[in-house]
Structures are given as C-alpha cells and as structure tokens.
Amino acid sequence: MLFLKLLPAGLAFAILQVALRLADDANLARRLKAREPKAMNDLYDRYGRLAYSVICRIVRNPSTAEDLVQETFLRVWNRVQSFDAERGALGAWVLTVARNRAIDHLRSVDGRMEAGAIELDHLERPGLFAKLDSAALAMDRVRRLKSAFDKLTPTQRQVIELAYYEGMSQSEMAERLKQPLGTVKTWTRSALKILRDELAEAAIA
Amino acid sequence: MTCQELQEMFELYALGALEPEERTEIEAHLARGCENCGQALANALALNAGVFSFAPSIKPPGRLKRRLLTSVGVHYPGWGWVWALGAVCLLLVAAWLGVEERSRTYELADARRALLESNGERDRLTQALQFLSDPQTRPASFGRGQTAPPRGYVFLHPQMGVLLIASNLPAAGAGKTYEMWVIPKGGTPQPAGLFQSDGMRALHILSGPVDVGAIGTVAVTIEPAAGSFTPTMPIIIAAPIGS
C-alpha cells in the first residue's frame, strides 16, 4: 500500500474505493452462493436502484419496472451457483439481466418475442461474465464512457439508444429510421468504436 | 469474417441485436475457443454494462425490497415493527381522545340542557309573578275540601293569558302528558297547552290575550304524549271561573 501514499489523495481514495467494492462483490457472490439470507438484502442494496433505473428507462412504467426488478433478482438468485465469484463482475451481470428482462418485456409487447427471449437468455449466462474486468462499473470508467457517448453525433447516439434501450436489430433500426441498412451499420460501428476506444484508454490509465 | 471484424460486432451480439446469420457465425467462432475473441466478448459485455448504467438514477419504492426478499423467503423486519408500534400508540391515543371528546360533548350537552331548563323555569316564574302582581288578574281555585284531589289555582289575565298552579296531581303514566283546556261558557273545550308535573306539582301558562269573561272553566286531562284536540280522558282538574 506504499504506492498509495505517493498518489494524490483523491486518486488514492478512488482506487481504494474500487478495490474495496470489488472485494465486496466477490464476497457478496460467495455469500449468495452459500444462500446466506442477508446476502440477497445486500445485493439489492448495492444494485437494486441501478437495476430499477435501467428497467424504468426501457419500459417507462414504474409498476412494470417493479415486476421486472423482482424477476431480475430472482434470476440472479437462482443462477448464482454458476457464477464465478472470484473472477466475475457481479454488477455487470445483474445489469445485463435487468436490461434483458426489460427488453424481453418490450419485445413481448411489440410482438417481437419469439426468437428474442431465447437469444437474450443465452446472452446472460453467468459463465459469460467470468472473464469480465470486474471494474466494469467503476465510477471513473463509467464517467469517461458517458463523456464519450455525449460526444457522439446525434445519429450515432440514436442508434446506440435503439440497440441498448429498445433492443432493436440493425435492420429494425434501418426500418425505424428509414435509412439504408448499410448506413445504419456504419453509424453503429463507428459509435461503438469510439466507446470501445475510450474504455480501452480508461483501462490503461 | 476475421476475428477483427467479428469483434466489432460483439457489443451488438451481446445485446441480441444482430441478424440471425451474423449471430450464428459469431457463435460458431466462439465455440472453437478463440482466446482473443473470448476476451473481446468480455470487454463488450463490460462496455454494455457501462452504457446501461447511463440510465437516469431513480429510487425504487421501499415496498419493492420487501416484496423481493419475501419472495426468496428472507424475513425482512425493516422498520415495520416501529410503524406497527407507532400505529398502535396512535390508535390508543385516538381512542382515548375520542372517549374524552365524547364525554366532554355529553357533559356540555347536559350543561346546555340544564341551563336552558333553568332559563325556561326562571322565565316561567317571572311570568307567573307578573300574573300574580297584576291587578287585572282574576284568581280561581279548585280541589278544595276534597280528599286527595289535585289542588291549586288558576289565574286569568286579559292580556297575559291563563296561569295554572297545581299540586297533588295523579301520575300521568308512561307515554302520557297533562293537557290544559279552556272551556268557554256554553262552548267546546279548547286545547291550552301540554305540560309535565314535577313531583305532582305543576305550573303551566297559556300566554296571550284571552276573553276572561267568556271562560266558564279551566280543566286538565291526561292525554297521549302528542296531545289531543278534544279531551279523551277523564277530567282531573276542573276550575270553574266565576263571573
């Protein structure tokens, strides 16, 4: 911990916070797997608000959002045995499950459910999150990512929002925006590259 | 597609936003155990989670946590016992205040009733004194010399009306009342007001001008509580008015 003394106080504090949170997440995942009654309480305290906010943003209905938050945490509770407590990013997994539950709901309302439900279920397997950088939701990284997102062009932001918060495929976006599929793919690819590069820089820093 | 080209689609793949043929190609590639692409997929999941967290922060309702914990069989005491205790205390205080309030209301109603009765009694006595002190008042008595009849006086005044003071009245009985009658000479009895006795004594006034000379008798009967237009019971008082 000697190196912390050489850093500016604010940065040292932020690093300590991240380290403590990550250690907490690993410990929390272990307690969830051990079926400790208070672990679910702690999981909700840590990620309940975030999950509710994501779901509200997608479904825009508080009552539906409550049902979907419950479904999200029950899914995590029921599948946590397959989660790698030592290496996985618990927060990223919970948020992904929350987002997918909300998108599944939107698709069921829009009649887009059939293939989507199986697909999203497959994409939130706990095993997928084993190689994740557990600092995925560290505050400084999210802040940098948001700053990069704000600098995107309006069309780039629009396709990102349609993909992330409405669960649209690129062909659905092309139809919605009345643009050629190639154009939509270009907007999406360029927007994601900017975000990806920003995250890569944040990881190096 | 090359690994590089595939990796550019991992975020959309993880969102379930790819076309079926693109998804199939990525899954086939990942199934071959490409190490670089495995890490790139993890990075894509991290990016996606970061973008999800852009959602404006909204506080969930408190009931949601209770509901969730209950659904997984976790007892959630929270602060419920404090609210329950508070609610019980409030109920007790409200009940006590209610009883006090009701009791106070009854006391006030009793006092008001007593005051009204007292005021009414005072007014009647004052009116009776005016009768007795006015020189135009003509007295008449009844019941004298009889064994145990009602006894008393009737006073008539041309402007003030008729005053009856009686004692030794027989009990009216449940649902009955006394009714005074003014019987003109050669005429039919006219109702002159209902009254109750206080321990077999009574004071009753018919207010207003009367033709004293035309009155032959002042009488009292026992009638139903609502009174009668003509006497239906035996006359218990009959005070003849002398000319």
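Predicted model: local features only at pLDDT ≥ 70, side-chain atom pairs only at ≥ 80, totals over all residues.
Chain B contains six helices and eight strands. Along the sequence these elements follow the pattern α-α-α-α-α-α-β-β-β-β-β-β-β-β. Among the contacts in chain B between residues at least 6 apart in sequence, 55% join residues at least 24 apart.

One position in chain B may be described individually. B:Leu125 lies in helix H6 (residues 80-133) of chain B. B:Leu125 has 11 C-beta neighbours inside 10 Å and therefore counts as exposed, the limit for that class being 12 or fewer. In sequence, 80 residues separate B:Leu125 from B:Ile205, while the C-alpha to C-alpha distance between the two is 9.9 Å.

The contact between the chains involves 54 residues of chain A and 37 residues of chain B. On the side of chain A that touches chain B, at least two residues each come from helix H3 (37-59), helix H4 (62-79), helix H5 (90-110), helix H6 (113-122), helix H7 (139-150), helix H8 (154-165), helix H9 (170-177) and helix H10 (181-204) of chain A. H3(A) gives the most to this side, with twelve residues. By class, the side of chain A that touches chain B comprises 31 nonpolar, twelve polar and eleven charged residues.

In soluble globular proteins, nonpolar side chains tend to be buried together. In the present model, the largest nonpolar core has 74 residues, and those with the most contacts inside it are A:Ala51, A:Val54, A:Ile55 and B:Leu45. At least two residues of this core are supplied by each of helix H2 (9-33), H3, H4, H5, H8 and H10 of chain A, and by each of helix H2 (10-15) and helix H4 (35-52) of chain B. H3(A) gives the most to this core, with 13 residues. A second, separate core has 29 residues, among them B:Phe142, B:Leu156, B:Leu163 and B:Ala192. With residues up to four places away in sequence left out, A:Ala51 touches A:Val69, A:Thr72, A:Val94, A:Leu95 and A:Ala98.

The axes of H3(A) and H5(A) come within 9 Å and cross at roughly 25 degrees. This angle is under 35 degrees, so H3(A) and H5(A) are roughly parallel to each other. H3(A) passes H5(A) in a right-handed crossing. From H3(A), the residues A:Tyr47, A:Leu50, A:Ala51, A:Val54, A:Ile55, A:Ile58 and A:Val59 take part in the contact, and their counterparts in H5(A) include A:Gly91, A:Val94, A:Leu95, A:Ala98 and A:Leu106. The residues of the contact of H3(A) with H5(A) comprise 13 nonpolar, two polar and two charged.

The second pair is H4(A) and H5(A). The axes of H4(A) and H5(A) come within 9 Å, with a crossing angle of roughly 130 degrees, and the two helices are therefore oblique to each other. H4(A) passes H5(A) in a right-handed crossing. In this contact, A:Thr64, A:Leu68, A:Val69, A:Glu71, A:Thr72, A:Arg75 and A:Val76 of H4(A) meet A:Val94, A:Val97, A:Ala98, A:Arg101, A:Ala102 and A:His105 of H5(A). Seven nonpolar, three polar and three charged residues make up the contact of H4(A) with H5(A).

Note on methods. Residues numbered from 1 in each chain as written. Chains lettered and ligands numbered in written order. Contact = placed C-beta atoms within 7 Å. Helix = DSSP H or I, 4+ residues; strand = E, 2+ residues; numbered from the N terminus. Nonpolar A, V, L, I, M, F, W, Y, C, P; charged D, E, K, R; others polar. Core = buried A, V, L, I, M, F, W, Y, C linked by C-beta atoms within 7 Å. Buried ≥ 20, exposed ≤ 12 C-beta atoms within 10 Å, placed from the backbone. Axes fitted to C-alpha atoms, helices over the stretch in contact; angles between N-to-C directions. Parallel < 35°, antiparallel > 145°, perpendicular 65-115°, else oblique. Left-handed = near helix turned anticlockwise from the far one by under 90°.
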